[in-house]
Amino acid sequence: MIQALAAQGTQMFLVLLLAPLLTGYVRRLKARLQRRRGPSVLQPYRDLLRLLRKEVVLPETSSWLFRAAPYAIFSTTWVAAALVPTFATELLFSWSGDLIAIIALLGTARFMQALAALDVGTSFGGIGSSREVMIASLAEPALTMLVFTIALIAGTTQLSEMAAALLSPTLGLRVSLALALIGFVIVAIAENARIPVDNPATHLELTMVHEAMVLEYSGRYLALIEFAAALKLLMYASLIACIFCPWGIATAGSGLAKYGIGMAAWAVKILAAGTALAVFETVIAKMRVFRVPDFLGIALMLGLLGTLLLFVSRSL
Amino acid sequence: MTGFDPLAAVLWLPLGAAAVLAALPGYVLPARLNVLACLASLVCAVSLFWHRPPAGDYLMVDDLNVVFIVLNTFVGFTTATFSASYIAHELQTGRLTLGFLRFYHAMYQVMMFGMNLALVANNIGLMWVAVELATLTTVVMVGIYRTPAAIEAAWKYFILGSVGIALALFGTILVYLAAQPVLGEGTGSMVWTVLITRAASFDPELLNVAFVFLLLGYGTKVGLAPLHAWLPDAHAEGPTPISAVLSGLLLNVALYALLRFKMLLAANPQALAPGPLMIGLGLLSLIFAGLMLYRRVDIKRLFAYSSIEHMGIIVFAFGVAGPLGNFAGLLQMTMHSLTKSAIFFTVGHITQAKGTQKLADMGGLTETHPVLGWTLVAGVIAIAGLPPFGVFMSEFLLVSSTFARQPVLAAAVVAGLLIAFGALLVQITPVTFGPPRGRNARVHASTLPIFAHLALVLLGGIYLPPALVAWFQHVAALLG
Amino acid sequence: MHGLAFDIAHMLAGALVLLSLMMLYQDRLYALINVLALHALVLAMSVAWQAWVHDAPHLYITAGIALVFKAIVIPMALRRMVFQLRIHREIERVVGSGLTMLAAIALVALSLEVMLPVTEGVDPVSREDIALALSVVLIGLLMMVTRHNAVSQVAGFMSLENGIVLAATGAQGMPLVVEISVAFSVLIAFIVIGIFLFRIRERFDTVDVEALDKFRGERR
Amino acid sequence: MTALVVVACIAALLLLALAAALGARASRATPLVYGSTAVICLVAFSAALLGDDGALMLPVGLPWLGAHVRVDRLAAVFLALIDLGGAGASLYAIGYGRHEHAPHRVLPFFPAFIAGMNLVVIADDAYTFLFAWELMSLASWALVMADHRSPDSRRAGIVYLIMATFSALTLLLALGLLAATHGSYAFADMRAGELPPWRAGLVLTLALIGAGSKAGLMPLHAWLPLAHPAAPSHVSALMSGVMTKVAIYAFIRIVFDLLGPANSTWWWAVPVLTTGGTAAVLGVLHALMEHDLKRLLAYSTIENVGIVFIGLGLALAFRANAMPGAAALALTAALFHAFNHMLFKSVLFFGAGSVLVATGERNIERLGGLIRVMPVSAGCVLTACMAASALPPLNGFASEWLTFQTILVSPALPQWGLRLLVPTVGTLLALAAALAAACFVRAYGIAWLGRPRSACVDGAHEADRFSLAAMAGFAALCVLAGLFPGVVIDALSPAVQMVVGGRLQPQLGLPWLSIVPIADRSSSYNALAIFVFVFCATGMGWAALHRLGSKAVRSARLWDCGYPDLGPVTEYTAASYSQPIRRVFGPLVFRSSESVVMPPPGDMSPARISKRMHDLAWEALYQPVCDAVLALAVFFDRFQFLTIRRYLSFVFLALVGLLLALTLWQ
């Protein structure tokens, strides 16, 4: 009990601690790949601190929702990230939400963000919010279908159980799982506002999505939102790691050594994910906004296909 | 029972009143006398519930007609009440003169006599004569405004009615011919109570031919499509009390005559089931009238077509037969006559208030004339077969019992009902709702008859007296 | 029923059908009215013969009505009307006379086909009468349908009614025949009076029934 | 006992309606009528909640049958739903009703409407059922016509009543078929009946059409977006939140209860799932394109009804395969969602009503910034919007989560057809949920947030306290039902047990108040824990920021990427907000097309974009029927204008024809 609680607490603060690092790593690596020197991997931490110390400039037209939204975005994202097993499964509170609930929590964060973007009443806020919900309205069902696929293989929607089930030697190799992985990556890219769906570094109004929504934020509010974005990236990386390569992950009650192994494995996986992301973003170009539905449609189709294959194969 | 014979009173009272009214000048006293005579007839008719005289060669009272006599005298009474206020207004506007009014009142009583006689007749020949008498009196009543349109309507009614009546007579003769070999020559072969007991041994094929003539003959009076042409115009051009009586009573009387013959056929096992014929004509009338409702511009003609539609439903119900079908038909007859006359009362006052019968010149009645407007809404709801009114019960029984046996037919009825309902709604919504249109004169409306009818119809949807149910069930069994 | 009585009854009924056909063929109103009177006369004879054969004295009344009212009074009234309204030259057919005659013959065949098989249990005179009466009724209706003119429609209706009276008297021992024939006469009187009373000529400028069209209501 | 209380409540409501009809113009009529309605509803609500099962026979109705009423567990669930909704709407209306232009057109029908809905649920024979059904339709029709001077209302009234009659007649046919087996209209006798499969299938089809058209299933929904917005807002809330549930009740009663498990076949699930899934997606897509606040909510109702029908379809599939546990899960999800929808849709309509009162405007393109003038309402509506978007930890998510869990059980179904269909429907459901979130971001963001888009917002003020109480109460219930879903699930389980013969394990006994639909291993959800986590995380974040960061706050003009502010005109509009989604789904769903007119270079005139959208359901289904009927009407109209001679020839031809037919036949 105590141990589980400790593990849970560790995880909560670990994700909090490491999230900016992953963002920094991806940026740095991308810069190197583009033959730039790039900022230090610690730059995101510095950015956050700088933002914290700045004064907040609130638009005159904003309401209480504008101020409340960053907290809601941050806390829901954090909780979602904390519920995804990173180095160990069967944490104390893992039963409180399954994968569907985690996705929905991210939905809450996005809902608040989209609203906050509309609150100030600018055209940029609107454009970002509008595109964001369009992307989400395709990404979310795709994600749900992918969850279905995995849940059908694992027989559960609890992440801990999923990891355990996918670790079991009886599973073998499944086509559906491969489809799901591709779909998952596509959705993760879209959800985290990465290239080719969105460009986290752009401020060119015609291509902005996520950045357009947070244009009016400043100071500590912006810090919260940036932090939430970093958390989200880490969470998706952990999620993919936990589901598709759960090797090395510790189970509840196993000793400290196992936890150590789990942490090391997790660090390796996350680094690999970050590297892959950086490479991918370097070699690919951003697509037009109206091509995005096609891109996400692939994920949706993959999810549906995976589920159908499973539904059908169950009878054999 | 000494001295007082309610059956004779039901017949003699109107006749006597007619004679007196023909002689009285003025309009206040005759109008009151008219109401009084009708009330007296009603009281006598109600007393038939308790004293049923035995069936004679010419007259009789049984479960079927006792309800209709009471209904007939009741609607006659309420219509007379309505007519008293209606006619006063017509005098003011000068559409009628005192001389015509005297004629009108006398004719009203003669018409009541004719209809009562048709209902209590035990002799199929006498019944025919009575129906003809009622037709002739209504013809002159329809033409009483003497406008070209009224005369045209009366003329059309007259010609089509005469041909119908001739066909009905031919059918009656054929029935006699069928009965004659079994019952022998003479009066006996035309007495209905005798016929029904021996109907099983009549020549079935002759009965079939006879029924074709009777169906077309009396069907003309009932207003079945394609024999209906007289009906809308006669309703639209005559005085509104007469429209109420036509729809509420005369159609019923003709239908009643048809029912009597249907019972004969039902009693003969070899005879062609009249079902298909009645179902066909009924459906045709229902759907045809439903479609005709859409393009009407005259409010009275609109409701006249709605009467055709309902006659279609009723004839269909009797065609489907079975205990539920027949019960539904009888109930629908009763409820329709009460509802439709209530609607015509309302419409009468509305047309007086608006000074026109054109639907396009009316609007927003619930705002300008709340009582009339909402009553019209209630009436339309009732006639469309929505609860809490009685027509709902009969349509419920009819559709639900038909569907299990003949799904296609029931689906057709449902389609017809929807078409007709849609039309009524489309037509009546702008009249009762929306911004007021047209003239907004105040009228002194006699709302009592309207409310009485609607209350009865409401009661019919919620609670039917057991005695009535028992009679109807008995008759429904006889109808086959 | 002995042969002669039957033959005479048959002949009279047949004559009635023949006259109906003739009426259908007439083009002029005066001629039409003459045939109509003849029609009523033959009917009266037929009814009287039935009364004689069956010893049913009340039928003489019917015969009398037919003779006086339909063969004399009404035709005279109609003539007067035609004269007053100055329409003696008018007669409009809807379909040609040849076609009408063909239809009429088909109707006769139909009525025989309908009635004869179903009346086997009935007395032969009644049987013949009823079948021929139906022909008369149908031809009368055909006449009403194929003519525009009010007077010829009255004629059609009267021949139709004659057919019914023939059927009623043919049905042996049928009660109320007299009452019925009286009622019918009243009806016809109403029609004729109606034409007079409404002064269709004055109001509508023609006796042609088509002219009533414009009062059909509902014209937008 | 409960039956008696409910019947007494119905009678009291009807008497109240009568009294209101006579005294509607009295000065205190509005609060009196609504207050009494609220009290009566609460009495009925508590009777349904606390009472027992029982039946009653009243000597009215069909003569040889009487009116049977019965309260069983299923009826009790819906009674509770109706009366809770009714009480809330009445409470709201005490304040809202003061702004009514013509109270005498609303007051008499409002109690009658609630009475009708109550009576539908307790009716135990076909006549009483349809009687109540039509009474409900009629009363709500009268309420739709309350604003009778508006042409839209009149059109809505016409379409609504025709569709309502259509649905009643369809149900009549279904009940007629059921009654035919034993020749009795009592539900008790219908239950015993064993039908041939085609007949049972016909009953299902008719029930789906009849109940579905009342519930607003696509494509029979056409009346709903017209009628719901036309009525006064508290009535809209009742119609959307409660009346559609009565239709769902009718479907459950006929298909699950009266047809019984003995008659059911697996393919029944197919039409139900298909229509449900279609309605869910199309409903929300329509809502996304809508500018009228109340119409938008009405379309969202269609979506939610679709979700409920997905649950019902799954329950049918499981029941036909004798899987009571899974069927119970599906039905629980459906009923739970129905209840949730009642709660949040009521709040949303209340909010729309308050906006209407405050601004006189329903078009969201002319609203904006209401959150600053109506903060409390804004909070309630935001809660409801989040519930409607199925976001945790609110109630809408709990029921959709259950539905997803049901879909995950479905590989156990033996039929191939269902195996292929269920995941597809699952996709539709997920799509609908995501689009719903988009829809409510748009609705809330455009109407309540941002800067006022027109002058109508200037005079706006917060709603009165009764309205606020109703909104806040229901919003709180949304939160509570979301945090403690176990309570609701347990309350539903007797009804579920009665209908499908299985139930979920009791949820309240589980540790930490989690809900576990199937087994611990497969899935669990604990809204309370998540809520506490989020709460703590927010607290920690707040504390950390205020300890570590700068507290300085400065108010400034909009930055907007440096563009000069051109005023509220440059704000994003609702139409442009939904444009990306319209680009994605429009060509398929609305056959939409856009055209841009770009002035030549140098020309200073503005560019114009115009869009064309088609309501395909209306064009494919309703328009042809209307056209056909009108064309036939025009064709037959000539029969009014023939000559006497022609009419006579009809008689003649009918006679000859019949005689000929008779001769040939003999």
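Guide: Welcome! Chain A and chain C do not touch, and their nearest C-alpha atoms are 54 Å apart. This is a predicted model, in which local features need pLDDT of at least 70 and side-chain atom pairs count only at pLDDT 80 or more, while totals for chains, interfaces and linings use all residues. Residues are numbered from 1 along each chain as its sequence is written, with chains lettered from A and ligands numbered from 1 in the order in which they are written.

Visitor: Which chains have the most contacts among the four pairs that touch?

Guide: Two residues are in contact if their C-beta atoms, placed from the backbone, lie within 7 Å. Chains A and D have the most contacts among those four pairs: 76 residues of chain A meet 70 residues of chain D. On the chain A side, H5(A) gives the most, with 18 residues.

Visitor: How many bridges join E1(A) to strand E3 of chain D?

Guide: Helices (H or I, at least four residues) and strands (E, at least two) are DSSP runs, numbered from the N terminus. Strands pair if DSSP finds at least two bridges between them. Here four bridges join E1(A) to E3(D), residues 553-556, and the two run parallel. A:Pro59 stands opposite D:Ala556.

Visitor: How are two packed helices described?

Guide: By the angle between their axes and the distance between the axes. Axes are lines fitted to C-alpha atoms, for helices over the stretch in contact, with angles from 0 to 180 degrees between N-to-C directions. The axes of H16(D) (395-409) and H18(D) (465-483) come within 7 Å and cross at roughly 40 degrees. That makes H16(D) oblique to H18(D), because angles under 35 degrees count as roughly parallel, over 145 as roughly antiparallel, 65 to 115 as roughly perpendicular and the rest as oblique.
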